[in-house]
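Please read the sequence and the model below first.

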Amino acid sequence: STLPLRELQAGYAEVLKYGLIDDPDFFAWLEENGAVLLGTNAGNRQLETLIHAIKTSCEAKARVVAEDERESGRRALLNLGHTFGHALEAECGYDGTLLHGEGVAIGMVMALDLSARIGLADSSERDRLVSHLKSVGMMWSAAEIDIDKELDAETLVSHMAKDKKAAAGKVGFILGGIGKAAMHRGVDLDLVTAVLHDSICGKHG
């Protein structure tokens, strides 16, 4: 409750992640209660909402980690949005221009965009996430990053190739519709580049 709004929004991106991974009911609950959680309406209801969101998120992470203690499979789902987000963070220089959670939020939109393009999600699911992020005042595209230089899709893809979680030269992406996330490798990088380009231009689909 003492966090500046921007930091609270960055943390909220990680909360949203748990709904997108495997809990569509939680995501729907956040759509209804996100504005309260982020302080649009202060008071006891905000505290109750925060507690429920944090408790649900902690339980979700504990469940995933318990199912995959050695990080051999399901635990990778916790990286939803992070492959795109880490590339954006690297290009922004880790200097506060882009907070980690802001990169994750934009990255989750990109992941749903990519999922829609390869038939793993409906485009309406991507639009639903974009609509929610906008409704709570959060960034949803790379176009909104306040950076002095022009972002380049090909450069961002090169950052992804260097990611510590890239296996055998293949970048892994957590993809799927809302509540149906799964790991995918060998995704066409031309499609990834197109998703990045559209986000940089502030559009999708």
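N33 sits in helix 2, which covers residues 24–37. Helices here are DSSP runs of H or I with at least four residues, strands are DSSP runs of E with at least two, and both are numbered from the N terminus. This is a predicted model, in which local features need pLDDT of at least 70 and side-chain atom pairs count only at pLDDT 80 or more, while totals for chains, interfaces and linings use all residues. Residues are numbered from 1 along each chain as its sequence is written, and side-chain values use heavy atoms, with hydrogens and water left out.

N33 has a relative accessibility of 10% and therefore counts as buried. Buried means under 20% relative accessible area, exposed means over 50%, and partly exposed is in between (1.4 Å probe, protein chains only). Leaving aside residues up to four places away in sequence, N33 touches R45 and T49. A contact means heavy atoms within 4.5 Å.

T49 is also one of the buried residues of helix 3, along with Q46, L50, A53, T56, S57, A60 and V64. The cover over the buried residues of helix 3 includes helix 1 and helix 2. Helix 3 runs over residues 44–67; its 24 residues should span 34 Å at 1.5 Å a residue, and its end C-alpha atoms are 35 Å apart, which agrees. The expected span of a helix is 1.5 Å times one less than its number of residues.

Helix 1 takes up residues 5–22. From its first C-alpha to its last, helix 1 reaches 27 Å, close to the 26 Å expected for 18 residues at 1.5 Å a residue. Because 13 of its 18 residues are buried, helix 1 is largely enclosed by the rest of the structure.

Between helix 3 and helix 4 there is a loop that holds G81. Is G81 buried or exposed? The relative accessible area of G81 is 5%, so G81 is buried. Its contacts, not counting residues up to four places away in sequence, are G103, V104, G107 and M108. The C-alpha atoms of G81 and W140 are 12 Å apart in space, and the two residues are 59 residues apart in sequence.

Helix 4 covers 82–92, and the loop between it and helix 5 contains Y94. Y94 is a residue other than glycine with a positive phi, near 55°. With 60% relative accessibility, Y94 counts as exposed.

Helix 5 covers residues 100–117, and A116 is found in it. The end C-alpha atoms of helix 5 are 25 Å apart, which agrees with the 26 Å that its 18 residues should span at 1.5 Å a residue. Helix 5 is mostly covered, with 15 of its 18 residues buried. A116 itself is partly exposed, at a relative accessible area of 22%. Not counting residues up to four places away in sequence, A116 touches A121, D122, S123 and R126.

G119 follows helix 5 and has a positive phi, near 85°. G119 belongs to the loop between helix 5 and helix 6 (123–135), and at 61% relative accessibility G119 counts as exposed.

| Pair | Separation along the chain | C-alpha distance |
|---|---|---|
| A116 and G177 | 61 residues | 8.0 Å |
| G119 and G177 | 58 residues | 9.4 Å |

The rest of the report concerns the chain as a whole. How many helices and strands does the chain have? There are eight helices and two strands, in the order α-α-α-α-α-α-α-β-β-α along the sequence.

A compact globule of 205 residues would have a radius of gyration near 17 Å, and the chain has 16 Å, which agrees. This radius is taken over C-alpha atoms, and the globule rule is 2.2 Å times the number of residues to the power 0.38. The C-alpha trace spans about 50 × 40 × 30 Å along its principal axes. Of the 205 residues, 49% count as buried. Among contacts in the chain with a separation of 6 or more, 67% are between residues 24 or more positions apart.
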